[in-house]
There are 2 protein chains.
Amino acid sequence: MPSTSIAEELAKKQREISVSEFFERNKQILGYDSPTKALLTAVKEGVENSLDACEEAEILPDVLVEVNKVDKDEFLVVVEDNGPGIVKKQVPNVFGRLLYGSRFHARRESRGQMGLGISGAVMYGQLTTGKPARIRSKTAEDDVAYQIELILDTKKNRPNIISEDFVIWEKAHGTRVEIPLNGRYVGGKQSISEYLKATAIVNPHARITYKAPDGEVAVYERATEDLPPKTNEIPPHPHGIELGSLMQMMKETKSHKLSAFLGEEFTRVSSRVAKEICVAAGLDPETKPRSLTLEQSKALQEAMQSTKLMAPPTDCLSPIGERLIKRGLKNVLGNLRPEFYAPPVTRDPAVYAGNPFQVEIGIVYGGDLPPDQPIEVLRFANRVPLLYQAGGCALTHAVSTVDWRRYGLEQRSGQGIPFGPAIILVHLCSTKIPFASEAKEAVAPIEDITTELDLALKECGRRLKTHLTKKTHRAKTKEKFEIVQLILPRIADKSAKIVNKKVPALDATITKIMGVVWVDEGIAYDEKQKRHTVTITAHNFTAAGKKLNLHVLLPRGIEPKSIEPKPSELREDGKITWELKRIDSVAKSSVSFALEGLDEAEYDESEIYVSGINPGLVIGAEPLPGDWELNYAEFEAEEAPAAEAEEEGEIDYDETEENLDDD
Amino acid sequence: MPSTSIAEELAKKQREISVSEFFERNKQILGYDSPTKALLTAVKEGVENSLDACEEAEILPDVLVEVNKVDKDEFLVVVEDNGPGIVKKQVPNVFGRLLYGSRFHARRESRGQMGLGISGAVMYGQLTTGKPARIRSKTAEDDVAYQIELILDTKKNRPNIISEDFVIWEKAHGTRVEIPLNGRYVGGKQSISEYLKATAIVNPHARITYKAPDGEVAVYERATEDLPPKTNEIPPHPHGIELGSLMQMMKETKSHKLSAFLGEEFTRVSSRVAKEICVAAGLDPETKPRSLTLEQSKALQEAMQSTKLMAPPTDCLSPIGERLIKRGLKNVLGNLRPEFYAPPVTRDPAVYAGNPFQVEIGIVYGGDLPPDQPIEVLRFANRVPLLYQAGGCALTHAVSTVDWRRYGLEQRSGQGIPFGPAIILVHLCSTKIPFASEAKEAVAPIEDITTELDLALKECGRRLKTHLTKKTHRAKTKEKFEIVQLILPRIADKSAKIVNKKVPALDATITKIMGVVWVDEGIAYDEKQKRHTVTITAHNFTAAGKKLNLHVLLPRGIEPKSIEPKPSELREDGKITWELKRIDSVAKSSVSFALEGLDEAEYDESEIYVSGINPGLVIGAEPLPGDWELNYAEFEAEEAPAAEAEEEGEIDYDETEENLDDD
């Protein structure tokens, strides 16, 4: 009976695989698939741990990173922080055991969530060099630091302590980890210094010092003394909760009543909502959660999905914010001057599988950016830059599924990464980033997330398109102005000579031909005072007097100063409104304000809107959203908007002459 | 002391994360990131287990796959095989415990290697439906089958048996698994039926029956009764072994001498080589392996890398082979008729980190394939089709880093997936595929592997280019023929009339103008007998008699029949050589042979080479590689090869007339 002996034989080979054996043989899954990447991964794991620890203890992070060359292939990676330190008995576990950590079970935004990162680095180090890692840690109440050398016993997934000691450390508290490992040191886009720079930008409260193998030291100074708001732990949101998880929760809950269970163990479930869910599920709110049958549990889960609920609270998340997005983009540009920063888009928080998340997008366009290359996509997850696995990442994929041809970028067949002079920054923050692997380099394509990404990218695309349209309008109208101002006087001269009359005054004629209200702005910057002075002027190049309202929408969180004249409205969300008095034909009217504390490149164009006027007449400002339809009727009877009528075509010289003849 | 209390507080949160909790919260890592993919992943895990088990027991696989719709979102996935069965006491562990299996520690090619797949599917099923999986298994010596319902206790990573029983099962032996899970059923490129079809093609020894949710049944019949050669387990190859692994092996070995350790625990290390390594490392071959210091271990590891060694044995691998690669490509084409299958490239086995691997590439080109789209890349790893995560896969990436412009495909800036009427099939087989994540959808970019991929792709690219060049040459020469045969008689007529002489005979003149040896082939196919008859003819369109050798290179493993005339050489690797007797000017000479048992599309163009003639004179065949340089000198003095001289330009009519005048 050959088959049986085979079944028996196969059975003998069946055995448990320890988690550390698994990752030792599959170290590429942890991000150690090449010597270059290995070095970066080890640094990343150390830095992310340090930032998380500091933020949890509400300490402004001061992180030192050293990469020392030991040998041909061997490096010593050092990461040292001023965090709260780790109590002695936990040090071996934190660094010498995979799947061990404090953040895995907490539903709030943090960088490390898997309990694999730093112990994975220790394991990779010993695998390639045969040497132990050294950790030093001191808490605020310790007089001396605890120092330990350990390796990870991969058969048992337990720390193996080689030596331990107490040492004097001048630091009040903090942790220092030294990991020897084989690697390869490179520069460029995927280098350690680029990673640290990008990290510093989106974590402006951190000070990061980097000593490279060549001994050069770079310091990324703290740009703010304010810690980001501390993220709070929340219970799961009912939306997207899996049936199995719900049943598990009901088995373990201490609540005796279903309604209490729902109210206590989920966010956004008030006692009223809890009852509503029970009713929808056809269940008594007084039922004991443990007693629910499979069918009842399923009905409950479905009711939880269909009940309308508030979006999750945002205090579990820490978005980057508009200012830092712009700064992040600016950093990538280096000395290149772009034409335009589209106002960044920050979506409201949404939920996938009970986990709140939020999407942010920024686009920078034109200027010195290379026009004939695929656009660059900068990816961030929970304020961590993602440098590898772009092709396998939902953030990149979301960019490549938008039809960018609609928004002014070149894209063959309407999919794939578009070509053009642009950089897109994408940030996803969540209480749990669904990484595609333990290397945390790429986000998996969860449907709820890709939907939000798509909406945010399209919104940002529209903002880019608005800019490009405005630019085209202005360019065309300017061209028309120039032609009219050049041609008309010549025709007038000639005609006057022929009919032997005086040359007529042309201002009114030019105005009539143009038929537009021209809005433009000037921005002056005072380097010393870090002060932008913005002046917006409306020129009336129509034949009649015009009244209009001018609106400016400032980036969130920037307070305008010295507003002139006094605005009729100044809203908290950054919207300023002026009701301009009637501007006579060929006259103009200006408003101005100042912004303080920004770098020059952080403000280079205002979002200007108009209302109370036929927006078809206006060049250089968009109709106030929601205003056009409301108010368009009253302008219907007015003169035809010349600028708009000729938007698509060239200037028609014949018509220009006719206009003159009519006069 | 706020910091201390924080360190203490954080310490309290530190805890172990069970491997099943980890994957329950990170189920996207196992391939369960969307309902659509979840269904496919569960099927894949079942089918791969079945095929592995059958092959291990040397049983021709007969696999039944059912996807039954239970509810709105709920499906029941059934996979049943005729494998050896699983002994009773192992069933709960195999299906109810993560990181448990028989193939993780074995260094030979198999589909499942992680010990996560099928228990992951069970876990996902219970998470989404709250229901247990049901497994039935019977070994050849059992009278009844063992049937069990179980769930996976995710807190403990242990099976939780809901019910067990013995049931009558008419099968002699086999395993059946039924997993209820939430999913979404779709068609298209990433569907279950496409996956099964592609699996059947590269596993022609398997019979796969698929019952879709709509009740439709598809049977992929066995195409061969021969099992693929059984893969053998081998010890690691010394190349790429990590220092840490080597030290671990030396700690655990039973060998008392270093040379014996090397010879016994590594492949391709004879006792001579073992001594050579010891000498290179400056170590005594008699040393006890355990006693080596870190420095000595490092020296040993370095010596193992620098010592020249045989490539690993191939019997641990199971490449798809040229015929099946073509068949795989043909399947994707459906009714589309391509112009050309490039002869597939199979590289010799290489090694990464001690693991042997092998790369195979096939390209199909032209014909009905859409010319204006990115080419399609079909990925396979250990005979398993990879359908997701193409963007994050080293196989795709290797394709996009080749400059395909050199090989006749369109590619903006020489990188990215090229555009053109082509499909590329890439297969990687290895004793250990370095997957980028546990979902086994993408291969990580290991340098040794990407190097081999690059070489193989370029070689296949050259074969494509050869075809395209030959096609262009032929087209140009044909055009020239037609022009010459049209124009010359007219000129002759006219000239004859003018000088009032008889119209001259033109054959010799035409021949002289053409100055080429034209090689073409005709392939006839007899559907009934599955027989290709190939005839290759050499036409001498030069002014002098010509001798040449004709060579045909057949795909590996196909034996030619009825070879006419008797070849001067018939090699095992498929090369046939004929020494053709002198062909007079304007005469021709033919050879022929037959191939049996292939489908029509499996053979559509011969690889034809020539030698013993100035290859510049030959259209329709390439110079025999290695032959050109050897033999070119003897032809140097011959007439200028007209066809080559005019290869780049248009036909020069003036010159044609001059030729006539000269006559």
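Val43(A) touches Val65(A), Val67(A), Val77(A), Val79(A), Ile192(A) and Tyr195(A), leaving out residues up to four places away in sequence. Val43(A), Val443(A) and Val443(B) touch the most other members of the largest nonpolar core, which has 258 residues. A second, separate core has 28 residues, among them Tyr609(B), Val610(B), Ile613(B) and Ile619(B). The model is predicted.

**Relation of the two chains**

- Chain B superposes on chain A by a rotation of 180° with 0.0 Å of shift along the axis, at an RMSD of 0.2 Å.
- The two copies are therefore related as by a two-fold rotation axis.
- Both copies use the same surface, since 100% of the contact residues of chain B recur in chain A.

**Interface between chain A and chain B**

- On chain B, 62 residues are in contact with 62 residues of chain A.
- Several elements of chain B each supply at least two residues of the side that touches chain A: helix H1 (2-13), helix H2 (19-25), helix H4 (91-96), strand S4 (100-101), helix H5 (117-129), helix H7 (243-252) and helix H10 (294-306).
- H1(B) gives the most to the side of chain B that touches chain A, with eight residues.
- By residue class, the side of chain B that touches chain A divides into 28 nonpolar, 25 polar and nine charged residues.
- Strand pairing also links the chains: strand S1 (residues 15-16) of chain A and S4(B) pair in the antiparallel sense over two bridges.
- Glu16(A) has Tyr100(B), in S4(B), as its bridge partner.

**Eight-stranded sheet of chain A**

- Eight strands of chain A form an open sheet with mixed pairing, in the order S7-S6-S5-S8-S3-S2-S9-S10.
- The edges of the sheet are strand S7 (158-167) and strand S10 (217-220) of chain A, each of which pairs on one side only.
- From one strand to the next, the twist averages 15°.
- Strand S9 (residues 207-211) of chain A runs antiparallel to S10(A), and four bridges join them.
- Within this pair, Lys211(A) has Val217(A), in S10(A), as its bridge partner.
- Helix H3 (residues 35-56) of chain A packs on the sheet and touches strand S2 (62-69), strand S3 (74-81) and strand S8 (174-182) of chain A.
- The direction of H3(A) makes about 10° with that of S3(A).
- Helix H6 (residues 192-202) of chain A also packs on the sheet, touching S2, S9 and S10 of chain A.
- The direction of H6(A) makes about 170° with that of S9(A).

**Five-stranded sheet of chain A**

- Five strands of chain A form an open sheet in the order S21-S22-S19-S24-S26, again with mixed pairing.
- The edge strands are strand S21 (569-570) and strand S26 (622-623) of chain A, each pairing on one side only.
- Two bridges join strand S24 (residues 607-611) of chain A to S26(A) in the parallel sense.
- Tyr609(A) stands opposite Glu622(A), which lies in S26(A).

**Strand pairing around S2 of chain B**

- Strand S2 (residues 62-69) of chain B runs parallel to strand S9 (residues 207-211) of chain B, and five bridges join them.
- Val63(B) stands opposite Ile208(B), in S9(B).
- S2(B) is also joined, by six bridges, to strand S3 (residues 74-81) of chain B, and these two run antiparallel.
- Val67(B) stands opposite Val77(B), in S3(B).
- A hairpin is formed by S2(B) and S3(B), with four residues between them.

**Setting of Lys37(B)**

- Lys37(B) lies in helix H3 (residues 35-56) of chain B.
- Lys37(B) counts as buried because 24 other C-beta atoms lie within 10 Å, where the cut-off is 20 or more.
- Apart from neighbours within four places in sequence, Lys37(B) is in contact with Gly31(B), Tyr32(B) and Tyr388(B).
- The C-alpha atoms of Lys37(B) and Gly183(B) are separated by 7.7 Å, although the two residues are 146 residues apart along the chain.

How values were computed: Residues numbered from 1 in each chain as written. Chains lettered and ligands numbered in written order. Predicted model: local features only at pLDDT ≥ 70, side-chain atom pairs only at ≥ 80, totals over all residues. Core = buried A, V, L, I, M, F, W, Y, C linked by C-beta atoms within 7 Å. Buried ≥ 20, exposed ≤ 12 C-beta atoms within 10 Å, placed from the backbone. Contact = placed C-beta atoms within 7 Å. Pairing = 2+ DSSP bridges. Least-squares fit on C-alpha atoms with pLDDT ≥ 70 in both. Nonpolar A, V, L, I, M, F, W, Y, C, P; charged D, E, K, R; others polar. Axes fitted to C-alpha atoms, helices over the stretch in contact; angles between N-to-C directions.
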